[in-house]
Amino acid sequence: MKTSSFTVAIVGATGAVGQELLRLLRERNFPLGTLRLFASARSAGRSVEFGGKTLTVEEARPGVFGDIDVAFFAAGGPVTRALAPDAVKAGCLVIDKSSALRMDPTVPLVIPEINPQELRRHQGIIANPNCSTAVTLMGLWPLHQAFGLKRYFVSTYQSVSGTGAEAVRELEGQIQSHAKGVPLTRKVYPYQIAFNVLPQVDTFGANGYTGEETKMMLESRKIMGLPNLRVSATCVRVPVVRAHSAAVTAEFERPVSVEAARAAVAAFSGAQLVDEPAQMKYPTPLDFAEKVKCGVGRIRVDTALENGLSFWVTGDNLWKGAALNALQNAELMIREGLLRPKAVAVMT
Ligand SMILES: NC(=O)c1ccc[n+]([C@@H]2O[C@H](COP(=O)([O-])OP(=O)(O)OC[C@H]3O[C@@H](n4cnc5c(N)ncnc54)[C@H](OP(=O)(O)O)[C@@H]3O)[C@@H](O)[C@H]2O)c1
């Protein structure tokens, strides 16, 4: 069988999301011809093992995208803003993990299980949602389809890998220091994260909500195509290494039932129903780290709202919340003929 292969770049290849992209490209058999890895000047020259080969990290700078078919950007908003226009000009599709362009009306913001049709209107850049939004919507979308969403309230329980590789080192370092009985140090978070929870993810806006909380509202509206959706989020960082969770309470247009809600979630390709209260079965971050689907459970009729449901959802922030969703978008674009190699290389 002959397959087209793609020249792929990862910008931010040394980071938490970049490393997962590397792994998923191989595990999901992405039709890869050449892979180029980019990061900051600090990492240029570093060696990375990939599929039995040693690749050298290059500095990301303008002018490097000429031969590249698709570039996954996972290096933060400023890098996207500085380099994505150059990549697009070079004819490279940019699949961006940062928040820089998510709300730009010309840029599709896509979760392939929810709004794949949006991929068709891209102008060179596809944005991917914030990790908490992605995980939350994997539970909320099938319920919206079943009952018609009116508004929702959410409290998140976000892992430290959502902040990046340095935050994981900070949590692990604090736990080790605690075990050794030596003073704990911190650099990433404003307070100790080990054995603590911090009701702050991102910086505070004038209305008292953090940037992450506002992103959850705006991105939910854009992805679900509900421009007037009312969302109230409280985003909390917890001392979990990987996988975000969210406790969601949602109000719907139509009458709800637990049975119909469970059936809707079970039938949705992005979710796995784990909801057997009598057996104490519900999704946890440890069970849903490194999983393609997000776990949904604790579904119950809400006692405070008309036509309300409360539920719990857990999913891997580095996968569905980041690298996996980006890759799924690229895979779908290839299947739909929306992404083709510039020079058609052939692998046998
Ligand atoms: N972590 C998550 O769960 C998650 C989820 C959704 C979205 N995101 C988004 O994904 C992006 C990456 O997040 P992360 O968690 O992987 O962060 P991270 O672990 O801190 O990694 C950041 C990466 O960006 C690179 N970088 C930094 N400055 C750069 C520059 N000036 N030029 C080129 N590369 C540069 C770093 O390279 P060096 O090693 O050389 O510094 C590193 O490879 C961010 O926009 C983040 O908001 C993350």
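Colleague: Which backbone atom lies 2.8 Å from an oxygen atom of the ligand?

Modeller: A polar contact is a pair of N or O atoms within 3.5 Å; within protein, one must be able to donate a hydrogen and the other to accept it, and residues adjacent in sequence count only if both atoms are side-chain atoms. Here, a polar backbone atom of V17 lies 2.8 Å from a ligand oxygen. A ligand oxygen is also 2.9 Å from a polar backbone atom of A165, and one is 2.5 Å from a side-chain N or O atom of S40. Of the 900 Å² of accessible area that the ligand has on its own, the protein covers 77% (Shrake-Rupley method, 1.4 Å probe).

Colleague: On what basis do these values rest?

Modeller: This is a predicted model, in which local features need pLDDT of at least 70 and side-chain atom pairs pLDDT 80 or more, while totals for chains, interfaces and linings use all residues. Residues are numbered from 1 along each chain as its sequence is written, and side-chain values use heavy atoms, without hydrogens and water.

Colleague: How many residues surround the ligand?

Modeller: A residue is counted if one of its heavy atoms lies within 4 Å. There are 26 such residues, with T14, V17, S40, R42 and S43 the closest.
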